[in-house]
Amino acid sequence: MIEIDGLTKRYGDKTAVDGLSFVVEPGVVTGFLGPNGAGKSTTMRMIAGLDRPTSGTVRVNGTHYPRAAAPMSELGILLDARSVHPGLSARNNLLALARTAGIGRRRVDEVIELAGLGEVAGTRAGGFSLGMGQRLGVAAALLGQPRTVVLDEPVNGLDPDGVRWIRLLLKSLAAEGRTVFVSSHLMSEMAQTATRLVVLGRGKLISESSVEDFTGHATTSAVLVRTPETARLGQVLAAPGITVIHDGTDLLRVSGTTAEQIGAAAWRAHLPVYELTPTHASLEEAFMEVTKDSIEYHAGATR
Amino acid sequence: MSAVMQIRPVSTHGASAPATVAGPVTQIRVIRAEWTKLRGLRSTWWCALIAVVLIVGLSAAIAGSGAPYKISAANSAAGGVTISLIGILFAQLMLGMLGVLAFSGEYATGMIRATLAVVPSRLPVLWAKLIVLVGLMLPLTLLAAVAEFFTATALESSRGGSAISLTDPGVLREVVGASLYLTVIAVIGVALGALLRRTAAGLSVFAAMFLVVPLVAAYLPQSIKGFTPYLPSNAGGTIWGAGKLFGGHQLGPWTGFAVLCGYAVVLTGLAAWRLHRRDA
């Protein structure tokens, strides 16, 4: 379990994380979602005690992590940026971490196999591809069979096989009762693996909910209505809470009501309707909708 | 490819307590971890090899050329040893670099984050790096100094120079002192690496301390030269007689060595403070 309370981190006059409070429960995969620069990595570094909070607290499995008696059994972490020594072999990188907790070579070989690095275990990590580096980082996070696993953008640079591996791994870790906290800037990736979602924008908590609730709330569903009588149907439908947008063709975009009610209203007014299509924003759109005001770096040109 | 993925079975002993294999962090365990790193890096063995070659090789080159060393009232046995130990001036740069890299290498590659994430109390990492490096440096440099001594004395006496024995006054102190000096140099390197975090910065400060400042100081007017015996290289050098090479007022060998150790302790203290306080 990870408990974050009033967490704030400032670098100079830039606030990277701003009064964040949420709880990550064991037994499910919790996604940590936000655009690049939202403060996800900073939050994760504070969870691991690498960065000190300006104010607020982080607890991992009930304790302040830097004071954990057996750190590797409490927390395994994969950080966004590379954190392996290129001059050491994959095995020695893992062994050096394992030794600090008295973990033996057998467990090291086990995670090497688990991560599919068996053939390259003896080669220097400097020559690894991004994907292999990620696998090595995930192996390191799993070494101590920690009760809490934190992974920053684990699917970055992985091939489809690797992505599938991560998804299954996360679910099995959660099924074992571990706390699994995974960041991503891709909503679609989270939708595949996560049960709960913590959404971050510009260092602030935007939402903390189940994946379904998040998409349900954030999604503005609308009904597309094709009719030759756009003006008259628009008047018929007009009511508080209902928005009708007419784009100048024979299409109306109606939100705030259902396709059934629109169909019934049109029938009562004897207006012809050629098409009645309920639409839902995709998860990606829901995420964009929620974070649109909090994106730090906009793309230069949006054509 | 039809990869069959297996999900490990759900553990049967309750959701609240999944199995773990990791034990508590102890200083001994962190030392073993640091030894795994130091041993696994090629740079360790290259720096060490070059340092040994410089110490033994330069000494053999000096002993095998020029006028043979004759012991006299002006030229003590210990003085002859000092001359043959001249390779230390170059070897110290390699060993200082090895020390600096112990930390700066981890900051440069990002490994420091993995290291400190598994040892979140942090300071055991600094102590372990120091202990491991001292453990490697002491025997290695002692071996090099002893090999240097016997090579140089054999060459000298074969060319008609005076025979110098380990039992001559000051000789054993200089040979052992060479090893102690180089070991403390490596410690200072580790402290600089932890303090400055960047390889270039660490090496620059190290080179300034042990090469540039003493050289510049040697050419200062006599009136403002009072501090030069307390420079780390001049003070520490007294234990292997290096002071005599440059002339001027010198501290006693053990006093000088204590001053060098003082620098190491202060720098290590600052490094510990920074490692403990600052974000990784």
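## Exercises on a predicted two-chain model

In this predicted model, α4(B) and α5(B) are roughly perpendicular to each other.

**Exercise 1.** Work out how the angle between α4(B) and α5(B) is classed, and which residues make the contact.

*Solution.* 
- Step 1. Helix α4 of chain B spans residues 88-109, and helix α5 of chain B spans residues 111-118.
- Step 2. Their axes come within 5 Å and cross at roughly 105 degrees.
- Step 3. Angles of 65 to 115 degrees count as roughly perpendicular, so α4(B) and α5(B) fall in that class.
- Step 4. On the α4(B) side, the contact is made by B:E106, B:Y107 and B:T109; on the α5(B) side, B:M111, B:I112 and B:T115 take part.
- Step 5. Sorted by class, this contact holds three nonpolar residues, two polar ones and one charged residue.

**Exercise 2.** Locate A:N61 in chain A and decide whether A:N61 is buried, partly exposed or exposed.

*Solution.* 
- Step 1. A:N61 sits in the loop that runs between β4 (55-60) and α2 (71-74) of chain A.
- Step 2. Its phi is near 50 degrees, which is a positive value in a residue other than glycine.
- Step 3. Around A:N61 there are 17 other C-beta atoms within 10 Å. A residue is buried at 20 or more and exposed at 12 or fewer, so A:N61 is partly exposed.

**Exercise 3.** Do the analysis for A:E153: where is this residue, and is A:E153 buried or exposed?

*Solution.* 
- Step 1. The loop between β6 (148-152) and α6 (160-175) of chain A contains A:E153.
- Step 2. Phi of A:E153 is near 50 degrees, again positive in a residue other than glycine.
- Step 3. The count for A:E153 is 22 other C-beta atoms within 10 Å. The cut-off for a buried residue is 20 or more, so A:E153 is buried.

**Exercise 4.** Describe the side of chain A that touches chain B: which helix gives the most to it, and how do its residues divide by class?

*Solution.* 
- Step 1. The contact joins 51 residues of chain A and 40 residues of chain B.
- Step 2. On the chain A side, α2, α3 (90-99) and α6 each supply at least two residues.
- Step 3. α6(A) gives the most, with seven residues.
- Step 4. The residues on this side of chain A divide into 26 nonpolar, 14 polar and eleven charged.

**Exercise 5.** State the domain bounds of chain A and how far apart the domain centres lie.

*Solution.* 
- Step 1. The domain assignment gives domain 1 (2-217) and domain 2 (220-279).
- Step 2. Taken over C-alpha atoms, the centres of domain 1 and domain 2 of chain A are separated by 47 Å.

Terms used
Residues numbered from 1 in each chain as written. Chains lettered and ligands numbered in written order. Predicted model: local features only at pLDDT ≥ 70, side-chain atom pairs only at ≥ 80, totals over all residues. Axes fitted to C-alpha atoms, helices over the stretch in contact; angles between N-to-C directions. Helix = DSSP H or I, 4+ residues; strand = E, 2+ residues; numbered from the N terminus. Parallel < 35°, antiparallel > 145°, perpendicular 65-115°, else oblique. Contact = placed C-beta atoms within 7 Å. Nonpolar A, V, L, I, M, F, W, Y, C, P; charged D, E, K, R; others polar. Domains from an automatic or database assignment.
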